Number of protein chains: 2
Amino acid sequence: MAGVPFSPEDSRDEVPEVVVSRLPQYLRILNRLMEDGIMVVSSQQLGEKLQVTPAQIRKDLSYFGRFGKQGRGYSVRDLLDRLRQILGVNAYWNVAVVGVGRLGRAIVNYPGFNPDGFHLVAAFDINEDVIGQDVGGLTVHSLDDLRRVVTERNISIAIVAVPVSHTQEVVDLLVACGVRAILNYAPIIPHVREGVRIRNIDPVLSLQSMTYYINSSVEE
Amino acid sequence: MAGVPFSPEDSRDEVPEVVVSRLPQYLRILNRLMEDGIMVVSSQQLGEKLQVTPAQIRKDLSYFGRFGKQGRGYSVRDLLDRLRQILGVNAYWNVAVVGVGRLGRAIVNYPGFNPDGFHLVAAFDINEDVIGQDVGGLTVHSLDDLRRVVTERNISIAIVAVPVSHTQEVVDLLVACGVRAILNYAPIIPHVREGVRIRNIDPVLSLQSMTYYINSSVEE
């Protein structure tokens, strides 16, 4: 893996998960700075954009090596290159979708995955009526074929779009078949064993962060 | 609005948007502490859970009044009550869904909104074939009826699930009709005028925060 050429002293196991979950936001901001032709950015400036203290920025980034020098700021390009490598953004990922009901079909047709290197290459369902059907260019497989297809297509990521009642069971099966990262759309938080990652799409968190403003202005 | 009974000195306009977007996470953590019977929490402990510095925690929470005392920690119950008020979590919100294709139908049937006070009360589409149909118990209206229905049903929040090519246009229409907060599922970032809030469901950010780990372990 050519992902991380420098800083062999990194011990990635020690990077807290919430720090990792913030990195894509850094990536977006740095991409924007790069587009705007900005070459150097301070932890102060990054902190203003993310509304965290400069010390927090420095702490987050310190997990991944030594960037920039005290008082001179970070090179936008270096930081961007490094974050891209760390996050595997330049890589090509094969992704499976489990559940091809309304939501699963919407996911298969979502145009946002491909440009960022996430390629939906297989779809699965338990419903006999849809197995064998074509959904957005993918043949729907039975879950019985999961292990074989995951291995053959080198799938390390799965998107789960099944009802709450089946979510944990499907997640367990994916993990047993070697899937390492799961994006879950059901409104529960499934358990996974250590070493497997899961993220939950949670639209309620987004809604709650907006009701603040509606509350606020009603008062005025 | 009985939302914020104390701290009349708050000037909410000055709270940075990214701080507000972190508040639902505080809420979840505090709910969990409360369930575990924990009465007092320090900024150090909250910082460990969110992996931010204690200073960052104190700074975030200081926007909303004075909680706890130096060296004595925060009362979990007081902080929770305050955040619930601030975020309008105890309120009841009427929500419209625009676009009842695959994704919109999945959203209408999503069981996660209702328990948190978000009630989907109206659905809209531009497709003549679906207008008048029943989708998950909601009659699909024409967008021509948007203004009337938004007013009649006191709708302040909309969820947009239309193709990228129509997203900005629909967002503009919603704003023109008085909607104040929009949750967008299309993979673009629509523009809204000041005073209107928008959040984008971005599954790619979630995926990117997991590829770190796959990258990482391939190296080992």
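Among the residues of chain B, Arg102(B) lies closest to the rotation axis, its C-alpha being at 2.5 Å. The same surface serves both copies, since 100% of the contact residues of chain B (contact meaning heavy atoms within 4.5 Å) recur in chain A. The superposition of chain B on chain A takes a rotation of 180 degrees with 0.0 Å of shift along the axis, and leaves an RMSD of 0.0 Å; the two copies are thus related as by a two-fold rotation axis. Copies are superposed by least squares on the C-alpha atoms of residues with pLDDT of at least 70 in both.

The model is predicted, so local features need pLDDT of at least 70 and side-chain atom pairs count only at pLDDT 80 or more, while totals for chains, interfaces and linings use all residues. Residues are numbered from 1 along each chain as its sequence is written, chains are lettered from A and ligands numbered from 1 in the order in which they are written, and side-chain values use heavy atoms, with hydrogens and water left out.

Helices (H or I, at least four residues) and strands (E, at least two) are DSSP runs, numbered from the N terminus. Strand 3 of chain A, residues 93–98, is largely enclosed by the rest of the structure, because six of its six residues are buried, where buried means under 20% relative accessible area, exposed over 50% and partly exposed in between (1.4 Å probe, protein chains only). In a regular strand the side chains alternate between the two faces of the sheet. Here Trp93(A), Val95(A) and Val97(A) are buried on one side, and Asn94(A), Ala96(A) and Val98(A) on the other.

Ser156(A) sits in the loop between helix 6 (146–152) and strand 7 of chain A, and counts as buried at 13% relative accessibility. Leaving aside neighbours within four places in sequence, the contacts of Ser156(A) include Trp93(A) and Asn94(A) of chain A, and also Ile214(B).
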